[in-house]
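The following note sets out points for a colleague examining this model. Please read it alongside the sequence and the coordinates.

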Amino acid sequence: MGYVMLSGAIVAEILATTSMKYSDGFSKLWPSLATGAGYLIAFALLAQTLKTVSVGTAYAIWAGAGTALIAVIGMLFLGEAATAAKVIGVLLVVAGVIVLNLGGAH
């Protein structure tokens, strides 16, 4: 169940961060409210996750997946350049999360 909560926290964080892009520096009401709500939900779900998943594992997955997925969303949907450096960076983030989980973030 912890990993289901963690998945929800990741989705909420991604939606919040994407909404922040559209908030125009928090000058647009609805994207700004979506940002706040998304982060509240993300942190609430992450807190629930930490009841059953170690903090190192949960945070590595949450931060790594969020970072990688936001970078991919930026490149695919928000017009950000998909440079070799960015793609390699995303792959390194994913590899780092995998290594932490295999090598003792428990």
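Which backbone nitrogen does the side chain of Thr49 reach? The points below begin with that residue and then turn to the chain as a whole, the core, the helix packing and the loop.

1. **Thr49.** The model is a predicted one, and the answer to the opening question is the backbone nitrogen of Leu6, which the side chain of Thr49 reaches at 3.1 Å. Thr49 belongs to helix α2. Its relative accessible area is 0%, so Thr49 is classed as buried. Beyond residues up to four places away in sequence, Thr49 touches Gly2, Met5, Leu6 and Ala58.

2. **Leu6.** With neighbours within four places in sequence set aside, the contacts of Leu6 are Leu46, Thr49, Ala58, Ile61 and Trp62. For the pair Leu6 and Leu46, the C-alpha atoms are 5.9 Å apart in space, while 40 residues separate the two in sequence.

3. **Overall architecture.** The chain contains 4 helices and 0 strands, and its order along the sequence is α-α-α-α. Taken along the principal axes, the C-alpha atoms fill a box of roughly 40 × 35 × 15 Å. The chain has 106 residues, of which 31% count as buried. Its accessible surface amounts to about 6400 Å², and carbon and sulfur atoms account for 76% of that area. Where contacts join residues at least 6 apart in sequence, 62% of them link residues at least 24 apart.

4. **The largest nonpolar core.** This core holds 13 residues, and those touching the most other members are Leu6, Ile10, Leu46, Ile61 and Trp62. At least two residues of the core come from each of α1 (2–22), α2 (29–49) and α3 (55–77). The most is given by α1, which provides 5 residues.

5. **Ile61.** What does Ile61 contact beyond its neighbours within four places in sequence? The residues are Tyr3, Leu6, Ile10, Gly66, Val97 and Asn101. Two of these, Leu6 and Ile10, are themselves named with Ile61 among the core residues that touch the most other members.

6. **Packing of α1 against α3.** The axes of α1 and α3 are 9 Å apart and the helices pack at an angle of about 35°. The crossing of α1 past α3 is right-handed. On the α1 side, the residues that meet α3 are Tyr3, Leu6, Ala9, Ile10, Glu13, Ile14, Thr17 and Thr18. On the α3 side, the residues are Thr57, Ala58, Ile61, Trp62, Ala65, Gly66, Leu69, Ile70 and Ile73.

7. **Ile70.** Ile70 is placed in helix α3. Is Ile70 buried or partly exposed? Its relative accessibility is 24%, and Ile70 therefore counts as partly exposed. Apart from neighbours within four places in sequence, Ile70 is in contact with Ile14, Thr17 and Thr18, which are listed among the α1 residues that meet α3.

8. **Gly56.** Gly56 also has its place in helix α3. Gly56 counts as partly exposed because its relative accessibility is 34%. Between the C-alpha atoms of Gly56 and Val87 the separation is 25 Å, and these residues are 31 apart along the chain.

9. **The loop between α1 and α2.** Which residues of this loop deserve a look at their backbone angles? Asp24, found in the loop between α1 and α2, has a positive phi of about 55° although it is not a glycine. Phe26 lies in that loop too, and its phi, near 65°, is again positive in a residue other than glycine. Most residues other than glycine have a negative phi. Phe26 counts as exposed because its relative accessibility is 51%, and the limit for that class is over 50%.

Conventions
Residues numbered from 1 in each chain as written. Predicted model: local features only at pLDDT ≥ 70, side-chain atom pairs only at ≥ 80, totals over all residues. Heavy atoms only, no water. Core = buried A, V, L, I, M, F, W, Y, C linked by side-chain atoms within 4.5 Å. Buried < 20%, exposed > 50% of the residue type's maximum accessible area, 1.4 Å probe, protein only. Contact = heavy atoms within 4.5 Å. Areas by Shrake-Rupley, 256 points an atom, 1.4 Å probe, with all protein chains shown as cover. Polar contact = N/O pair within 3.5 Å; in protein donor to acceptor, adjacent residues only side chain to side chain. Axes fitted to C-alpha atoms, helices over the stretch in contact; angles between N-to-C directions. Left-handed = near helix turned anticlockwise from the far one by under 90°.
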